[in-house]
Amino acid sequence: MTEEIIRLVIESVLGGTLIVTLVTLRSTKKKASEEAKSMEIDNLKKLIDGFNEYIVEPLKKEVNGLRKDVKTLNRAIARIQDCPHAGMCPVRSELQNSEDGAEDK
């Protein structure tokens, strides 16, 4: 019985079936690993695209809108001095009061 087992093992090794099986297993493992890495990369790309679409782009639009509003406000503030009612202007008084309050903090 032991001789039969030894003979079968030797025939398998010499016949190449064991070697072919090992090579096939190694190839299958490598292919599965490459597919897993590819899927991981694809998932990261989708995550980054979603982040850009739903977070970055709306924030860019909001910041650009705020810049435009600040620019308009600065232009209006700069023109207060040209107004004939600048001495009694409630907007100017409010801005001066808010500047004084900011310095106190």
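In this predicted model, the side chains of Glu57 and Lys60 meet in a salt bridge, with 3.7 Å between N and O. By the rule applied here, the count for the structure comes to one salt bridge. The protein chain that carries this pair has three helices and zero strands, and 4% of its 105 residues are buried.

**The charged pair**

- Both partners, Glu57 and Lys60, belong to helix H2, where they stand three residues apart, a spacing of about one turn of the helix.
- Side chains of opposite charge can pair when their charged atoms come close.
- The 3.7 Å distance from N to O in the Glu57 and Lys60 pair counts as a salt bridge because the cut-off for such a contact is within 4 Å.

**Overall fold and surface**

- Read from the N terminus, the elements of the protein chain follow the order α-α-α, and among them are helix H2, which covers residues 17-78, and helix H3, which covers residues 90-104.
- The accessible surface of the protein chain amounts to about 10,000 Å², and carbon and sulfur atoms account for 61% of that area.
- Phe51, Tyr54, Ile55 and Leu59 together make a nonpolar surface patch of about 450 Å², and one of these residues, Leu59, has its place in helix H2.

**The cysteines**

- The structure holds zero disulfides, and Cys83 is accordingly in none, the nearest cysteine sulfur being that of Cys89 at 6.0 Å.
- The separation of 6.0 Å between the sulfurs of Cys83 and Cys89 does not count as a disulfide because the cut-off for the sulfur pair is within 2.5 Å.
- The two residues fall into separate accessibility classes, since Cys83 counts as partly exposed at 32% relative accessibility, whereas Cys89 counts as buried at 15%.

- Although Val91 and Ile77 are 14 residues apart along the chain, their C-alpha atoms are separated by 9.0 Å.

How values were computed
Residues are numbered from 1 along each chain as its sequence is written. This is a predicted model: local features need pLDDT of at least 70, side-chain atom pairs count only at pLDDT 80 or more; totals for chains, interfaces and linings use all residues. Side-chain values use heavy atoms; hydrogens and water are left out. Helices (H or I, at least four residues) and strands (E, at least two) are DSSP runs, numbered from the N terminus. Buried means under 20% relative accessible area, exposed over 50%, partly exposed in between (1.4 Å probe, protein chains only). Accessible areas come from the Shrake-Rupley method with a 1.4 Å probe; for residues, only the protein chains shown count as cover. Patches are made of residues with over 30% relative accessible area and no salt bridge: like charges are joined within 9 Å, nonpolar side chains (Val, Leu, Ile, Met, Phe, Trp, Tyr) within 5 Å.
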